[in-house]
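Have the structure open and follow along as we go.

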Amino acid sequence: MASIPIVPFVPVVESGPALDTGTAYGRPPPTHDAELTEVGAGTPMGELLRRYWHPVGLAADAGATPRQVRVLGETLILFRDGTGRPGLVHPRCAHRGASLYYGRVEAQGIRCCYHGWLFDVQGHCLDQPCEPQAGEPYRARVRQPWYPVQERYGLVWAYLGPPDKKPQLPRYDALQTLDEGEFLEADDSSIGGGGPPVIPCNWLQHYENLVDPFHVVILHASFSGTQFVPQMALMPEVSFDTVGSGVRVSSLRKLADGSTLHRISEAALPTLRVIPSPRIGQYGRVESIGWVLPMDDGHFRIYVVGRVKAAGDLRRMRSRLNGKLWEELSEAEHQAFPGDYEAQVSQGPIAAHSEEHLRSTDRGVAMLRRLLRQQLAAVRDGHDPAGVQRDPAAPPWRFEAGNFLLPP
Ligand code: FES
Ligand SMILES: [Fe+2]
């Protein structure tokens with residue numbers, strides 16, 4: 001019988017284009033680093049930030065009309081009693097919860113609109129007008145939840161942390177020592193590059209931006225035209241350092257005449273922007289200090305205090321894109337001329353850290369995150385975080401920040 005040859009089966013592979021790789025299909029859902037970003041009471045970062053004083057308003061915001069403020073995920077009522085004392089209280093009245101936003105500010109405190117209970121700036125209940133006299137001892141025991149506040153540099157500061165850990169309200173050399181003709185001005189209008197007063201994204205996106213000197217060259221100096229001064233378009237030689245209580249950025253730019261622009265800035269704990277003017281009106285030490293206030297996980301705002309020579313100088317420093325302020329731009333212009341607001345808000349309500357690819361030029365960001373994690377660990381281990389000052393006689397904080405011109 002003739003044998004039948006066995007032909008091995010060879011699958012036919014159709015030659016064609018290679019499969020697409022790197023497509024968006026099937027990617028895992030993005031996640032953010034909750035430990036670093038979320039600020040509510042009881043969260044790790046919320047508890048760390050509650051170990052410091054934060055500005056919660058301009059001095060003028062504390063007035064005879066109750067003002068609702070958002071701070072670290074809490075809604076609070078800011079007011080100033082008739083004797084001039086600022087107060088910051090929980091909104092829900094201790095009686096039956098009507099909001100003190102509708103209250104009336106009086107000489108001794110704030111009175112609830114519903115049944116007239118009166119609370120002083122430390123939440124003591126001073127009056128319950130519907131109650132007979134027999135209610136007096138009980139009245140004295142009622143307490144409206146409140147937070148300590150202080151005023152300095154034209155801002156109202158609040159401490160939302162454990163009472164036994166309350167630090168001194170810091171002073172800063174840049175705001176204590178004024179040069180000839182200078183005075184302090186406070187501003188809350190927006191982030192430096194422009195935008196609305198309340199920025200709808202997580203605070204860390206802005207705080208990290210402070211240690212990102214490379215975005216200045218792209219976003220602020222070429223992508224949308226010159227937002228500051230032409231020197232900022234030069235790619236700097238950058239070094240980063242973790243100093244006592246922050247991350248310092250040193251940027252060197254060789255200028256055409258052989259001199260060098262040495263720009264030093266710092267992101268200091270807990271949320272400070274120690275950034276010399278990118279407009280370089282004059283060389284020398286930093287002119288202003290800003291604070292990033294995390295209002296909640298998805299919103300922040302900025303308070304700035306600076307040494308100025310004319311009222312309104314801080315607002316006049318706001319960027320113009322295509323010749324206009326941020327709020328004057330159309331949607332098409334926002335797209336064509338993006339600035340800090342567009343870059344940071346478009347990272348998302350909270351940036352998707354799981355999808356990032358950090359490179360060498362993000363070293364400052366990595367260092368700042370590490371510094372924050374070290375402070376989270378310090379608080380977890382029962383220690384004070386860096387930058388907390390308890391000695392009332394301690395000298396003001398001094399920063400190296402500034403724009404300096406080094407001769408050829
Ligand atoms: S709810 Fe405020 S006094 Fe009654
Ligand atoms: Fe910027």
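## The second largest cavity

What lines the second largest cavity, sorted by class? Its lining has 14 nonpolar, four polar and one charged residues. Keep in mind that this is a predicted model, so these are computed values for a prediction.

The second largest cavity holds about 150 Å³ of space. It has 19 lining residues, and if you want to find its centre, look for Tyr52, Pro170, Tyr172, Pro270 and Gly387, which are the closest to it.

## The largest cavity

Now for the largest cavity, with its volume of about 620 Å³. A set of 37 residues lines this space, and Gly192, Arg273, Ile275, Pro276 and Pro278 are the ones nearest its centre.

Which elements each supply at least two residues of this lining? They are the helices α5 and α6, plus the strands β14 (246-254), β15 (260-268) and β18 (288-296). Sorted by class, the lining of the largest cavity has 15 nonpolar, 13 polar and nine charged residues. And how many cavities of 30 Å³ or more are there? The count comes to three.

## The largest pocket

Let's move on to the pockets. The largest pocket contains about 540 Å³ of space. Its lining is made up of 19 residues, and Asp212, His215, Ala343, Gln347 and Asp362 sit closest to the centre.

As for classes, the residues around the largest pocket split into eight nonpolar, six polar and five charged.

## The second largest pocket

Last stop: the second largest pocket, at about 280 Å³. There are 13 residues in its lining, and those closest to the centre are Gln282, Glu287, Arg307, Asp313 and Met317.

Two elements, β19 (299-308) and α7 (313-316), each bring at least two residues to the lining of this pocket. Which element gives the most? That's α7, with three residues. Sort the lining of the second largest pocket by class and you get three nonpolar, three polar and seven charged residues.

Definitions and conventions. Residues are numbered from 1 along each chain as its sequence is written. Chains are lettered from A and ligands numbered from 1 in the order in which they are written. This is a predicted model: local features need pLDDT of at least 70, side-chain atom pairs count only at pLDDT 80 or more; totals for chains, interfaces and linings use all residues. Side-chain values use heavy atoms; hydrogens and water are left out. On a 1 Å grid over the protein atoms alone, a cavity is a set of points where a 1.4 Å probe fits but cannot get out, and a pocket is an open set with protein on both sides within 12 Å along at least five of seven lines; lining residues have an atom within 4 Å of a point. Grid points are joined across faces, edges and corners, and a volume is the space filled by probe spheres set on the points. Ala, Val, Leu, Ile, Met, Phe, Trp, Tyr, Cys and Pro count as nonpolar, Asp, Glu, Lys and Arg as charged, and the others, Gly among them, as polar. Helices (H or I, at least four residues) and strands (E, at least two) are DSSP runs, numbered from the N terminus.
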